[in-house]
Amino acid sequence: MRYIANPPNPYHKYDAEFLGEPSPVKLEVFEETATRTIVTKNNSPDVGFNYSVNCYRGCQHGCTYCFARPYHEFLGYGAGTDFETKIVVKINAPSLLKNELRKKSLRGELISFSFTTDPYLPLEANYELTRKCLEACRDFGNPVGIVTKSPLVTRDKDVLNETNKRSGATVYFSIPFLTLGKSKLFEPYAPKPEVRFRAMEELASAGISVGIAIAPIIPSYNDSDIPALLQKARDCGASEAFMTMLRLPTESLQTYFVSRLKENAPTKADKILNQIKRERGGKLNNREFGNRMKGKTEQWQIAEKLFDLHYRRLGFGREKSVKEAKQIFVQQNLFD
Ligand code: SF4
């Protein structure tokens, strides 16, 4: 049984507390007809894509470190259990996307699926919004990039394959922990790491370009998993990989992350939190562009070197230049 637990919402004037035991959580789905845009333009120099589409808000996978949690506070909800159980579904996302892809400014642009939610959260099995948006990208010749933790993405290998042939499609599986035991502590409702690797293998066998996102690295917890994660991903057919450090951009997210960590791993919590602070100059977060995704200490540099060493040893990134060249070629032929 899970109980409602949300940190105070900074946009609320007042906060209510339960007298006695909080209520159990229950899944609530809010269908929304978006009126403006479904394509979000990203201006951050730290993020490797310009345009993203999110058909949902909130995420049932409930990772305690998820930097998208505070976005739920803009809706008047909490960044804790509300983020995991009050899910907004943008039911007209595919038709909005089709309208927007007709614009000249989006021609041939890479559309990223994920950022503020997992595009394959369990509700997608019913709604099929991500699938319909992928079909739109395929029809308009837009390359796509996906980051997910869910094997549900294998349902769409037909459309991904067609998009891949036409303009390019890459699916990154977010797998920061090697074992279920390590994952459970921070990703309580996400599919097991083993299941994600199997889905990766299935897509690679279907000819779709796949990669591993070792993100987030939680210093002193999963940095030692890097070599084995890269090896396993390579064995499953991954050709791309990246890693980023844990980001806890707001006070409410920090409160939630710390409380869950202390509750679930009381003996490890201090060691992990102290190392995060060392990496972040004494705080739990670093907002500086260019440094938000990485640490400051020698331990972080060792983790980076470990990643680079095994990335090169295993031959990651070698297919990139061929694929990029093909993508440019396809785009020129489609739109010149
Ligand atoms: S799967 Fe991704 S979007 Fe969903 S909670 Fe985890 S980190 Fe956040």
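The model is predicted: local features need pLDDT of at least 70, side-chain atom pairs count only at pLDDT 80 or more, and totals for chains, interfaces and linings use all residues. Residue numbers start from 1 along each chain as its sequence is written.

An open sheet of 7 strands runs in the order S2-S3-S6-S7-S8-S9-S10, and its pairing is mixed. Strand S2 (39–41) and strand S10 (240–245) are the edge strands, each pairing on one side only. From one strand to the next, the twist averages 25°. Helices (H or I, at least four residues) and strands (E, at least two) are DSSP runs, numbered from the N terminus. Two strands pair if DSSP finds at least two bridges between them.

Strand S7 (residues 144–148) runs parallel to strand S8 (residues 169–174), and 5 bridges join them. Valine 144 has alanine 169 as its bridge partner in S8. Glycine 145 is partnered there by threonine 170. S7 also runs parallel to S6, through 3 bridges. Here the bridge partner of isoleucine 111 is valine 144. Of the 5 residues of S7, 5 are buried, so the strand is largely enclosed by the rest of the structure. A residue is buried if 20 or more other C-beta atoms lie within 10 Å of its own, exposed if 12 or fewer, and partly exposed in between, with C-beta atoms placed from the backbone. Both faces of S7 are covered, with Val144, Ile146 and Thr148 on one side and Gly145 and Val147 on the other.

Helix H5 (residues 157–166) packs on this sheet, where it touches S7, S8 and strand S9 (209–217). The direction of H5 makes about 130° with that of S8. Axes are lines fitted to C-alpha atoms, for helices over the stretch in contact, and angles run from 0 to 180 degrees between N-to-C directions.

Helix H4 (residues 129–140) has 12 residues and reaches 17 Å from its first C-alpha to its last, close to the 16 Å expected at 1.5 Å a residue. The expected span is 1.5 Å times one less than the number of residues. H4 is largely enclosed by the rest of the structure, because 9 of its 12 residues are buried. Among them are Leu129, Cys133, Leu134, Cys137 and Phe140. The buried residues of H4 pack against strand S3 (51–53), helix H2 (93–101), strand S6 (111–113), helix H3 (124–127), S7 and H5. Contact requires C-beta atoms, placed from the backbone, within 7 Å. Just after H4, glycine 141 takes a positive phi of about 75°.

Most residues other than glycine have a negative phi, and most peptide bonds are trans. Serine 114 has a positive phi, near 125°. It lies in the loop between S6 and H3. Serine 114 counts as buried, with 23 C-beta neighbours inside 10 Å. Serine 220 also has a positive phi, of about 70°. Its loop lies between S9 and helix H8 (226–235). Serine 220 is partly exposed, with 17 other C-beta atoms within 10 Å. A cis peptide bond joins alanine 215 and proline 216, with omega about 10°. Proline 216 is in strand S9.

Notes:
Contact = placed C-beta atoms within 7 Å.
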